[in-house]
Amino acid sequence: MLFILALLACSYWLRSRHREFVFCAGFAIIVFRCELAIMFGLMLLISLVYGHLNLLKLISWIIVTGVISLGESFIYSVLTTLEILCVT
């Protein structure tokens, strides 16, 4: 599932669909690992340097993506804990 998100994020970056790239990359980074943060961070840096992306837009997208993905991770962990408690 996360590999699909990472590939989808890469395809969005190649097609210059930066908002979708930030959303997919954010979810993949928070759920997956720091290796993706390094790779997607370099992709974002390239887009910023060449002027394909506005810094203020990027920051707003990062905040929204971070809140949604961290909230989703928190809800998932709470539901998993409740499921374990109900089974035992």
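Tutor: The axes of α1 and α3 come within 11 Å and cross at roughly 10°. An angle under 35 degrees counts as roughly parallel, so α1 and α3 are roughly parallel to each other. This is a predicted model, so the values that follow are computed from predicted coordinates.

The α1 side of this contact consists of Ala-6, Ala-9, Cys-10 and Trp-13. They meet Leu-36, Met-39, Phe-40, Met-43, Ile-46 and Ser-47 in α3. By class, nine of the residues in the contact of α1 with α3 are nonpolar, one is polar and none is charged.

Now take α1 with α2. Helix α1 covers residues 2-14, and helix α2 covers residues 18-31. Their axes come within 8 Å and cross at roughly 155°. Angles over 145 degrees count as roughly antiparallel, and α1 and α2 are therefore roughly antiparallel to each other. The crossing of α1 past α2 is left-handed.

From α1, the contact draws on Leu-2, Leu-5, Leu-8, Ala-9, Tyr-12 and Trp-13. From α2, it draws on His-18, Glu-20, Phe-21, Cys-24, Ala-25, Phe-27, Ala-28 and Val-31. The contact of α1 with α2 has 12 nonpolar residues, one polar and one charged. Ala-9 and Trp-13 meet residues of α2, and Ala-9 and Trp-13 also meet residues of α3.

Look at Leu-8 within that contact. Leu-8 lies in helix α1. Its relative accessible area is 31%, so Leu-8 is partly exposed. Between the C-alpha atoms of Leu-8 and Phe-21 there are 7.8 Å, with the two residues 13 apart along the chain.

The loop between α1 and α2 holds Ser-16. Phi of Ser-16 is near 60°, a positive value in a residue other than glycine. Ser-16 has a relative accessible area of 45%, so Ser-16 is partly exposed.

Salt bridges come next. The count is two. In one, the side chain of Glu-20 meets that of Arg-17, at 3.5 Å from N to O. In the other, the side chains of Glu-20 and Arg-19 meet, at 4.0 Å from N to O. Glu-20 is partly exposed, because its relative accessibility is 22%. Arg-17, at 34% relative accessibility, also counts as partly exposed. Arg-19 is partly exposed too, with a relative accessible area of 44%. Shared partners join Arg-17, Arg-19 and Glu-20 into one network of salt bridges. Glu-20 is also among the α2 residues that meet α1.

Next, α2 with α3. Helix α3 covers residues 34-49. The axes of α2 and α3 come within 10 Å and cross at roughly 160°. That makes α2 roughly antiparallel to α3. Here too the crossing is left-handed, as α2 passes α3.

The α2 residues in this contact are His-18, Phe-21, Val-22, Ala-25, Ala-28 and Ile-29. They meet Leu-36, Ala-37, Phe-40, Met-43, Leu-44 and Ser-47 in α3. The contact of α2 with α3 has 10 nonpolar residues, two polar and no charged ones. His-18, Phe-21, Ala-25 and Ala-28 meet α3, and these four residues of α2 meet α1 as well. On α3, Leu-36, Phe-40, Met-43 and Ser-47 meet α2, and they also meet α1.

Finally, α4. Helix α4 covers residues 55-87, and Thr-65 is found there. At 3% relative accessibility, Thr-65 counts as buried, because the cut-off for buried is under 20%. Leaving aside residues up to four places away in sequence, Thr-65 touches Val-22, Phe-23, Gly-26 and Phe-27. Val-22 is also among the α2 residues that meet α3, while Phe-27 is among those that meet α1.

Gly-66 is in helix α4 as well. Its relative accessibility is 17%, so Gly-66 counts as buried. The C-alpha atoms of Gly-66 and Phe-27 are separated by 7.7 Å. Along the chain, Gly-66 and Phe-27 are 39 residues apart.

Terms used
Residues are numbered from 1 along each chain as its sequence is written. This is a predicted model: local features need pLDDT of at least 70, side-chain atom pairs count only at pLDDT 80 or more; totals for chains, interfaces and linings use all residues. Side-chain values use heavy atoms; hydrogens and water are left out. Helices (H or I, at least four residues) and strands (E, at least two) are DSSP runs, numbered from the N terminus. Buried means under 20% relative accessible area, exposed over 50%, partly exposed in between (1.4 Å probe, protein chains only). Contact means heavy atoms within 4.5 Å. Axes are lines fitted to C-alpha atoms, for helices over the stretch in contact, and angles run from 0 to 180 degrees between N-to-C directions. Angles under 35 degrees count as roughly parallel, over 145 as roughly antiparallel, 65 to 115 as roughly perpendicular and the rest as oblique. A crossing is left-handed if the near helix is turned anticlockwise from the far one by less than a right angle, and right-handed if clockwise. Ala, Val, Leu, Ile, Met, Phe, Trp, Tyr, Cys and Pro count as nonpolar, Asp, Glu, Lys and Arg as charged, and the others, Gly among them, as polar.
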